[in-house]
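Work through the following exercises with the structure open beside you, and try each task before you read its solution.

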Amino acid sequence: MKPLIPLILALALSLSSYAQSGWPRANNHTGGAPQTPQGWRTPQDKPRGDQRAPFSPELYMKALVEFVSKEACLTENEATKFEPLLREMHQKQHTLMEKQRKAFFRSRKNQSLTEEDFERLVNNSISTDIEVKKIEQTYYKKFHNVMPWKKVFAVRIALNKWQMEALNRFQPDRGNRRNQQPNR
């Protein structure tokens with residue numbers, strides 16, 4: 001399981017901007033029904049029962065690039081130059097988040113952590129979140145070398161939309177819980 005803290009933080013920061021209508025987009029696309037990202041799984045990897053299909057990082061990244069390119073209306077030339085930058089950004093962010101995930105995992109197994117240990121874990125987590133955002137900031141500037149700022153902004157919106165759809169994929173009833181009556 002990937003660390004959820006950076007993902008939740010990123011979603012919280014971006015959700016308000018995505019939720020507001022009227023944000024500039026790279027095209028005049030009029031919303032419509034959200035499209036589920038394709039390519040996360042191959043057709044032969046259909047899950048059986050509670051079993052999940054194996055995750056393929058390559059299929060995931062390919063689907064992400066296709067989704068973002070389509071949502072941000074990137075030209076073929078822009079998409080070709082954008083893809084290696086996005087892959088590089090994700091790899092750097094993943095490396096940092098993986099270290100954080102391992103630290104959290106080790107801490108859950110250790111029952112003898114002191115207050116200072118927990119303080120260090122929290123501070124390291126926050127530092128990791130900041131580093132992830134610094135990487136993102138650096139790469140958005142690199143994206144601008146490939147495309148105009150309007151499309152860079154559309155890429156950011158598309159990445160946020162991808163994350164929301166990914167969360168919905170793993171928890172399809174996530175949005176319905178608010179409206180459900182408690183079991184009595």
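**Exercise 1.** At roughly what angle do the axes of H2 and H5 cross, and within what distance do they come?

*Solution.* Keep in mind throughout that this is a predicted model. The axes of H2 and H5 come within 9 Å, and they cross at roughly 130°. Angles from 65 to 115 degrees count as roughly perpendicular and those over 145 as roughly antiparallel, and H2 and H5 are therefore oblique to each other. As for the hand of the crossing, H2 passes H5 in a right-handed manner. On the H2 side the contact is made by Tyr-60, Ala-63, Leu-64, Phe-67, Val-68 and Glu-71, while H5 contributes Val-155, Ala-158, Leu-159, Lys-161, Trp-162 and Glu-165. Sorted by class, the residues in this contact of H2 with H5 are 9 nonpolar and 3 charged, with no polar ones.

**Exercise 2.** Describe how helix H4 is placed against helix H5, and classify the residues that meet there.

*Solution.* Begin with the geometry: the axes of H4, residues 115-144, and H5, residues 149-170, come within 9 Å and cross at roughly 140°. Since only angles over 145 degrees would count as roughly antiparallel, H4 and H5 are therefore oblique to each other, and their crossing is right-handed. Next, look at the residues: Lys-133, Glu-136, Tyr-140, Lys-141, Phe-143 and His-144 in H4 meet Trp-149, Val-152, Val-155, Arg-156 and Leu-159 in H5. The residues of this contact of H4 with H5 divide into 6 nonpolar, 1 polar and 4 charged.

**Exercise 3.** Is Val-65 buried or exposed, and which residues does it touch beyond four places away in sequence?

*Solution.* First locate Val-65, which is found in helix H2, residues 57-71. Its relative accessible area is 7%, and because buried means under 20%, Val-65 is buried. Leaving aside residues up to four places away in sequence, Val-65 touches Glu-83 and Leu-86. Val-65 and Glu-83 are 18 residues apart in sequence, yet their C-alpha atoms are 6.3 Å apart in space.

**Exercise 4.** Where does Cys-73 lie, and what is its phi?

*Solution.* Cys-73 lies in the loop between H2 and helix H3, the latter spanning 76-109. Its phi is positive, at about 55°, although Cys-73 is not a glycine. For comparison, most residues other than glycine have a negative phi. Finally, consider accessibility: at 26% relative accessibility, Cys-73 counts as partly exposed, because that class covers values between 20% and 50%.

Terms used:
Residues numbered from 1 in each chain as written. Predicted model: local features only at pLDDT ≥ 70, side-chain atom pairs only at ≥ 80, totals over all residues. Heavy atoms only, no water. Axes fitted to C-alpha atoms, helices over the stretch in contact; angles between N-to-C directions. Helix = DSSP H or I, 4+ residues; strand = E, 2+ residues; numbered from the N terminus. Parallel < 35°, antiparallel > 145°, perpendicular 65-115°, else oblique. Left-handed = near helix turned anticlockwise from the far one by under 90°. Contact = heavy atoms within 4.5 Å. Nonpolar A, V, L, I, M, F, W, Y, C, P; charged D, E, K, R; others polar. Buried < 20%, exposed > 50% of the residue type's maximum accessible area, 1.4 Å probe, protein only.
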